[in-house]
Amino acid sequence: MIGQWFLKIPSLNELATSVQQWGIIIAAFAMGLGSVNIIIRNVHRIQKREGTDWLYAIWLLAIFFLFAIVGIGFGSASSQYRYIFNTILQPLSATMYPATLFFLVSAIYRTFKTRTVEGGLFVIVGAIILVANAPVMAATFPFLVSVKSWIMDVELTAAYRAILLGIGLGAIMLGFRVIFGLETTHLGREEET
Amino acid sequence: MASKQDGVWIKLQHIPREILYFLIIISMIVPLLRPMGLPITISPQTRSLFDSLNTLEPADVMLEFVDWSAGSMSFHQPGCIAVSFQAVKRGAKLVFLSTSTEGPLMYELMLEKFQSVFDEADYVYGEDYVYLGYVAGEETARAAIASDIRTAFSSDYYGTSLDEIPLMQRVHNYADYSMIISYTMGSPESFVRQFNTQYGVITHIHCGEMMTPTILPFWASGQITGLLNGGVGAAEMEVLVKRPGDAVKLTDVYSFSNILVFVFLIIGNIGFIMQRRKGE
Amino acid sequence: MIIASGKVVDFIALILIWAVAAVFVWIVGGKRFTIRRMVAIDVIEEAVGRAVETEKAVVMNIGGGGLLRGEYAPATMAGLTVLGYVAGLTARLGADLIAPMYSDGGVETIPVATELIRDAYMAEGEVERFDAEEMIPFLPVQASVMALADRVRPAANIMVGYYWHESCIWAEAFGRIGAIQVGGTTNLYQIPFFAGACDYVLIGEEVYPISAYISKDPKLIATIVGQDAFKWIAAILIILGTILVSFGNQWLTQFLSM
Amino acid sequence: MISTDPSIWVMAFFTIAITSLAFRDNPLAKFAEHTFLAAQAGNLITMAWRNIRSIGLQPLMKGSMTMLIPLLFGVALYTRYSKRYIWVSRYPTAMMVGIGTGVTVRAFVEFQFIQQIIDTFKPLNSFNNIFFVATVVICLTYFIYSLTPKSPALEKPMSYVTRLGRYLMMIAFGASMANTVITRVGQYAGRIMFLLYDWLGLG
């Protein structure tokens, strides 16, 4: 794979392309692993019959099979699948992550405190950008826009660039460890699961 | 007297969170029912995307990665509509595809709103635009799409073989893509790595504001050409293509809720500082 | 030319970086290097100490990245190392440890973590205090974090691993009850929550040296040293290039774009 | 007018149920969460199946035998549930990690190292440029852990530099946090729009 990137050798190119395709297929198979886990865990929960917990497990399996059967039977482009997706999964998925907003608001109010110099800088800059992000304030106080763009384009870009350089090197090193087998201890461990 | 004041500060630090949540919901409802229509300033990142879109020629192929999930539909969908509108206006051919699992259904929801634009421009499915569906493997899939799209897809989303689709007959690999744009909340860097770094394809990104800081360094270095900054960027794009829609509506929401959150942050911290001063 | 144009320097750089890493790992060895004092370790010790004083528990979580995906695995592994360290501390000092695991992401880490905690308690001769059911609750869904925080009310919450949107839920739930928090993740856009809510935050790849620092594994230290060498090189290149460009000389820019 | 479409009501119910979670852990929210997990897993299976069929099975039927390799590897992944054949799943896992790493790492040198260094070469003719270059270098030194000067004369200034690097990064994180607020607000406002416009029929 790395050879294909840097070198221009046609046969290597072809090999790399088909290996990529294999990667996609194996990845598609791997997506089923989570589902198998879910089935095993929930069958277990039903067997245990603790309180009302098993009712949730039954419901979970029912919905799972509804999606899997409709999806595989009719195909994901079918109107049936589209209907269950749009009524059930879409509102849930659309609310799940955004609902983090409430935790974020509570965290901002309660835990983001000026305990140290670090915390102070964090809070002050956070406050400035919050105000500058409000279009109403940006329209009333134009200097906020220039403060914000200075922080974003100069300060933040520079700081994140340093972090990214570090992470980039880390990733290259990770590749080194994987390719030269230094990472096998963890791979070996994981097979014990 | 001091103790009475301190009492207020301590109280201010212990507003029940339900009240905060209630206030923030109100701050979103009010502007949605009573829009104000504030002026929108165009950021350089959005401007460069718009300028880049305007270089599209009628035969050019643009890859659009419909990679958002329902969670970020509120700004990715308007963003995608605005960008596609401009591309259609320039006459470019559009290839939609997904590398995230909710993508196919998100595409169909987007299409419900966008079909009229295609119809107006006499765009025919298969000749001027096409949807290929979902492919697993994330970055591996993106790499495969860049090097040979046929290793990732053998047919379009509706089951027609790629070779029977007129548009796809001349689309094979990176050399055939004029530019790509990814609407993602996942890993925007991977698109840049596989398309721009590897083959020098012009790469645009539309991601959430929360991820923008992490990829700003790549925009500064020119590895990303156009960068839409979440809902703000989508609104700017709507203004630029003169088609105000859902994203512009969101702009008013930002005004109210951001100021409210700012107030929370300040109250929480003033209370904290006052309390600590008392403790000393 | 067999090497694609524009990638000559990249190719050489990759080989060079790996070669230097190989030299440090197999020839020089990591034993003769020390990693500078890490503040996070002090904070963790202090947090566990506080838990002992107040007779409360310590919560340690490693996120949902799992070990299967290349991007997330290193952070999870670093988290596991820290988990082992924290388990050792709680076993020795006598605080209760709770290490909740996600049941919907990175499930393959559960047995590894269980093993790790048991080993740590075994090493301190406290194996009778090890109780997998109590110590490693599964969170069926991520949001039950809140319920856990309210129920356990720990003195400290340590989070090292790969986090997504749930980072905010963790930081908020435990911040609200006043726990000392230490957070670290390599997911860049989640660091800010940890930065705001935690008493100490490990920024990005800072989680790797901390695990090398704890484990004292010479090979791990050697790779850290290899990276450090190239960070110096990067810093020197930046300074050199900036000076050259200031005098209107584009030589280094052109050389690197080769 | 309030909607009469039952599916809109179901959608509204799920939206509110998940939101209620932020207020308090409750059975409705738990119900909605379970539904979410199940539906998401079901969707994943559906999409994965499409993929396997279209690029794996169909070419195989047409006679391209090399496709057997990834298909067998894929099936082998599932041996992890058997205690006896668990070793088989090691190979596809290793292959997945290998391909994933190969695809990613090859780009990193140019993408996140050399290109980023080149772009930091800025002529020192304005405050912004000087500040930019200084910030990158100072923050970078924060991430140097082992090869630090050992002599006492240098140790102290070095520690100041790393602390300064931390402060500079904290400023960036503050800005980043504020940006997250706007993202989450934008996302959640989409749900409010749905509830107001589609469900309650206002506006």
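pLDDT is the predictor's confidence in each residue, from 0 to 100.

**Confidence**

Overall, the model scores ipTM 0.91 and pTM 0.91. Chain B has a mean pLDDT of 91, with 98% of its residues at 70 or more. Within chain B, helix H1 (residues 2–13) has the lowest confidence, at a mean of 66. Strand E5 (residues 202–207) of chain B has the highest, at 96.

Chain C averages a pLDDT of 85. In chain C, 95% of the residues score at least 70. Chain A averages 84, and 88% of its residues score at least 70. Where in chain A is confidence lowest? It is lowest in helix H9 (residues 184–190) of chain A, with a mean of 41. Helix H4 (residues 79–96) of chain A has the highest, at 93. Over residues 184–193 of chain A the pLDDT is below 50. Beyond near neighbours in sequence, this stretch still has 17 contacts in the model. Where pLDDT is low, the predicted coordinates should not be read in detail.

**Chains B and C**

The table sets out some values for these two chains.

| Property | Chain B | Chain C |
|---|---|---|
| Helices and strands | 11 helices, 6 strands | 11 helices, 7 strands |
| C-alpha span along principal axes | about 85 × 35 × 35 Å | roughly 65 × 35 × 35 Å |
| Buried residues | 62% of 280 residues | 64% of 258 residues |
| Accessible surface | about 9,500 Å² | about 9,300 Å² |

Carbon and sulfur atoms supply 58% of the accessible surface of chain B. In chain C they supply 59%.

Now take contacts between residues at least 6 apart in sequence. In chain B, 71% of these join residues at least 24 apart. In chain C, the figure is 68%.

Charges come next. Chain B has 19 positive and 29 negative side chains, and the centres of the two sets lie 14 Å apart. Chain C has 17 positive and 26 negative side chains, with the centres of the two sets 6 Å apart.

**A covered helix in chain C**

Helix H7 (residues 166–176) of chain C is mostly covered. Of its 11 residues, 10 are buried. Among them are C:Cys168, C:Ile169, C:Trp170 and C:Phe174. The charged residues C:Glu166 and C:Glu172 are buried too. After H7(C) comes C:Gly178, which has a positive phi, near 80°.

**Where chains D and A meet**

How many residues of chain D are in contact with chain A? There are 99, and they touch 98 residues of chain A. Together, chain D and chain A bury about 9,600 Å² between them. Carbon and sulfur atoms account for 77% of that area. In chain D, D:Phe36, D:Tyr81 and D:Arg106 lose the most area to chain A. Those three make up 8% of what the chain D side buries.

**One residue up close**

D:Cys139 sits in helix H5 (residues 127–142) of chain D. Is D:Cys139 buried or exposed? D:Cys139 counts as buried, because its relative accessibility is 0% and the cut-off for buried is under 20%.

Which residues does D:Cys139 contact, leaving aside neighbours within four places in sequence? In chain A, they are A:Ala159 and A:Ala162. In chain D, they are D:Gly165, D:Leu168 and D:Met169.

D:Pro6 is another story. D:Cys139 and D:Pro6 are 133 residues apart in sequence. In space they are 55 Å apart, C-alpha to C-alpha.

Note on methods. Residues numbered from 1 in each chain as written. Chains lettered and ligands numbered in written order. Heavy atoms only, no water. Helix = DSSP H or I, 4+ residues; strand = E, 2+ residues; numbered from the N terminus. Buried < 20%, exposed > 50% of the residue type's maximum accessible area, 1.4 Å probe, protein only. Contact = heavy atoms within 4.5 Å. Areas by Shrake-Rupley, 256 points an atom, 1.4 Å probe, with all protein chains shown as cover. Charge placed at Lys NZ, Arg CZ, Asp CG, Glu CD. Buried area = accessible area lost by both parts, 1.4 Å probe.
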